[in-house]
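Grab a pencil and work through these exercises with the model open beside you. Try each task yourself before you read the solution.

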Amino acid sequence: MYVRFGGELPKTHRSNTAGRWMLSLPLKSVNNLVRDARKVREIILMVGDVSDIYVTGFGRMMKDENFSARELDAIASGYTKLLEESNGVLQDLKQVIDVSTLSMTDKDRMDVVDECYRDMRRYRNLVSYYTNRNIAVSYLRARKRNDMDRVMRLYGDETSRYW
């Protein structure tokens, strides 16, 4: 059995067999589907990145004396908003992957996957930025109080810090 590329349902013939109708797959369409499958995988990986950034960063902030309880509450509220928004992206992606949404064409699905990818990348960058800005606040407060060693041990020194 073989597949011909380039047309829609062309008749394929073998010299010693009868003609059959066989589905034809345009090469560009196959490439787009593979590309979007990779994007779906990357979206799922970005969800893990967002979770890691949140858990690691906020966990360290909870141990930081430069933040009051009210400030930590506000920071947690900010993370909650960002995580809710990124969850919305996953819900959109779930609709595309769900088999019951047969009314969508492949192009519509690819467009939604592309949009989800862009949105999730944006949210991952926002969570990273939000974490880094909060750590910078702690760093500035520690510098004012001459308590840089403790903050550097908590978040990392000049060479290993991620913020």
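Predicted model: local features only at pLDDT ≥ 70, side-chain atom pairs only at ≥ 80, totals over all residues.

**Exercise 1: an arginine in H4**

Task: Is Arg150 buried or exposed, and which residues does Arg150 touch beyond four places in sequence?

Solution. 

Step 1. Find Arg150 in helix H4.

Step 2. Check its relative accessibility, which is 16%. Buried means under 20%, so Arg150 counts as buried.

Step 3. List the contacts. Leaving out residues up to four places away in sequence, Arg150 touches Asp64, Glu65, Asn66 and Arg145.

Step 4. Zoom in on Asp64: its side chain makes a polar contact with the side chain of Arg150, at 3.5 Å.

**Exercise 2: the nonpolar cores**

Task: How many residues does the largest nonpolar core have, and which elements give two or more residues to this core?

Solution. 

Step 1. Start with some background. In soluble globular proteins, nonpolar side chains tend to be buried together.

Step 2. Count the core: 18 residues, with Phe58, Met61, Phe67, Ile75, Tyr79 and Tyr155 having the most contacts inside it.

Step 3. Trace where this core comes from. Helices H1 (27–63), H2 (69–97), H3 (106–145) and H4 (148–155) each give two or more residues.

Step 4. Apart from neighbours within four places in sequence, Ile75 is in contact with Phe58, Met61, Phe67, Tyr130 and Asn134.

**Exercise 3: two helices side by side**

Task: At what angle do the axes of H2 and H3 cross, and how are these helices oriented to each other?

Solution. 

Step 1. Read off the geometry: the axes of H2 and H3 come within 9 Å and cross at roughly 170°.

Step 2. Angles over 145 degrees count as roughly antiparallel, so that's how H2 and H3 run relative to each other.

Step 3. Sort the residues of this contact by class: 16 are nonpolar, four polar and six charged.

Technical notes:
Residues numbered from 1 in each chain as written. Heavy atoms only, no water. Core = buried A, V, L, I, M, F, W, Y, C linked by side-chain atoms within 4.5 Å. Buried < 20%, exposed > 50% of the residue type's maximum accessible area, 1.4 Å probe, protein only. Helix = DSSP H or I, 4+ residues; strand = E, 2+ residues; numbered from the N terminus. Contact = heavy atoms within 4.5 Å. Polar contact = N/O pair within 3.5 Å; in protein donor to acceptor, adjacent residues only side chain to side chain. Axes fitted to C-alpha atoms, helices over the stretch in contact; angles between N-to-C directions. Parallel < 35°, antiparallel > 145°, perpendicular 65-115°, else oblique. Nonpolar A, V, L, I, M, F, W, Y, C, P; charged D, E, K, R; others polar.
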